[in-house]
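Student: I have a model open and want to check its labels against their cut-offs. Can we go through them one by one?

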Amino acid sequence: MRKQKSQTVQDFFTFQAQTTPFACGLEITMAKGSYLYDNVGNSYLDFAAGVSANTLGHSHPAIVSAIKEQAEKYLHVMVYGEYALSPAVELCKKIDQITPDNLQSTYLLNSGAEAIDASLKLAKRLTGRRKIMAFKGAYHGNTHGALSVSDSKIHKEAYGPLLEGISTLEFNNFEDLDKIDDSFACVLIETIQGASGFILPKEGYLLALKERCLSMGVKLIYDEIQPGFGRTGTWFAFQNEGVNPDILVLGKGMGAGLPIGAIVASRQDMAAFSVAPKLGHITTFGGNPLVAAASLAMIQTMEEEKTMEKIAQKEALFRKLLLHPKIKSFPGKGLMLALEMESEAQCMQVANKCMEKGLIVFWLLYQTQFIRITPPLNISDEEIKKGCQILLTVLDEI
Ligand SMILES: Cc1ncc(COP(=O)(O)O)c(C=O)c1O
């Protein structure tokens, strides 16, 4: 594999703000299907999918043509909520179709973290209460609001003071649910805990949580930003359990590779944002026509190509192929899978060696001994086999 030292890579480290002192700085010049291509002709099979964001891989023709078609018509024309723009309207209508009956109204936003903030505001406004229940091990994003309900002590200490009135429960601890009382506006839960190791709710846990929330008049908010849009074989992971939230938070894979966030609630609840005070949550670019057109094309394509019907079989293929003594556990569901290594150092070694051999894998935010496997949902069986072979070779070598 040839090394890249282009001007772009040098300028990336000089002019573009960095999130760590050790970004890999891979220069991508093209991406198609399940593959990325760099500036010196290397190709990489993508098992990360932009960290669960590229639902149908890269540059899917239906999405590209929807974007082109919309770009020819109009881009941004007005702030969110003023004009009736058909890509946004059609997307909201589609989301109504693929979500449970109690969720009818969608507010389109720009990122997951912004959508989390909006969901917390809506719950406060609806209940008149101020306290929020979140979870140990949770990750919800990086705005002040989203960071307040995330479980990263070092970041909270570095950037506090954050929101007051946040309490936490232990994920999957049924007894802990008693801590939810009628002083709380909402409980915010990831339907699969992402950063902490792709942890699924135990059977009956979401139901017990919902019952407790109902009895206390507390709004139940699901963060489906990562598992949402088919990753676990249903539109949303909570549909495996059949327990509906009051507010659903979306992002990442909803955007088909463009930036997006959204909250979905009942028409009646969502109306609270528009009165007393009006303009309860506003945004310039939410519902952007280009982004909405891409998202809508993605959902329609998933329906046409029956993408979700094949997820369980693809998960089974990964689980059949990835058998290795260095894999300590293999949590997750569908194409939201993680491999537990011995340590963060070993995980980094695997990611680096995989990249050298033409496979992109990534890691988890908090439990950094896990390698994430979150490929495009339309990855082929041959691509899965090829990537798993690279992974197994690397595991043998380290
Ligand atoms: C579960 C979950 N919630 C919220 C977020 C924040 O989304 P964004 O990065 O779009 O702000 C993420 C992003 O990784 C996430 O995985």
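**Labels and cut-offs**

Tutor: Start with the helix pair: H12 and H13 are oblique to each other. This is a predicted model, where local features need pLDDT of at least 70, side-chain atom pairs count only at pLDDT 80 or more, and totals for chains, interfaces and linings use all residues. Residues are numbered from 1 along each chain as its sequence is written.

Student: Why are H12 and H13 called oblique?

Tutor: Helix H12 (residues 344–356) and helix H13 (residues 381–397) pack at about 125°. Angles under 35 degrees count as roughly parallel, over 145 as roughly antiparallel, 65 to 115 as roughly perpendicular and the rest as oblique. H12 and H13 are therefore oblique. Their axes (lines fitted to C-alpha atoms, for helices over the stretch in contact) are 9 Å apart.

Student: Which residues of H12 and H13 meet?

Tutor: Val350, Lys353 and Cys354 in H12 meet Ile390, Leu391, Val394, Leu395 and Glu397 in H13. Contact requires C-beta atoms, placed from the backbone, within 7 Å. The residues of this contact comprise six nonpolar, no polar and two charged. Ala, Val, Leu, Ile, Met, Phe, Trp, Tyr, Cys and Pro count as nonpolar, Asp, Glu, Lys and Arg as charged, the others, Gly among them, as polar.

Student: What makes S5 and S7 a pair?

Tutor: Pairing takes at least two bridges found by DSSP. Strand S5 (residues 131–135) and strand S7 (residues 184–190) have three, and run parallel. Lys131 stands opposite Phe184 in S7.

Student: Why are S4 and S6 at the edges?

Tutor: The open sheet runs S4-S10-S9-S8-S7-S5-S6, with mixed pairing. S4 (105–109) and S6 (166–169) each have a single partner strand, so one side of each lacks a neighbour in the sheet.

Technical notes
Helices (H or I, at least four residues) and strands (E, at least two) are DSSP runs, numbered from the N terminus. Axes are lines fitted to C-alpha atoms, for helices over the stretch in contact, and angles run from 0 to 180 degrees between N-to-C directions. Two residues are in contact if their C-beta atoms, placed from the backbone, lie within 7 Å.
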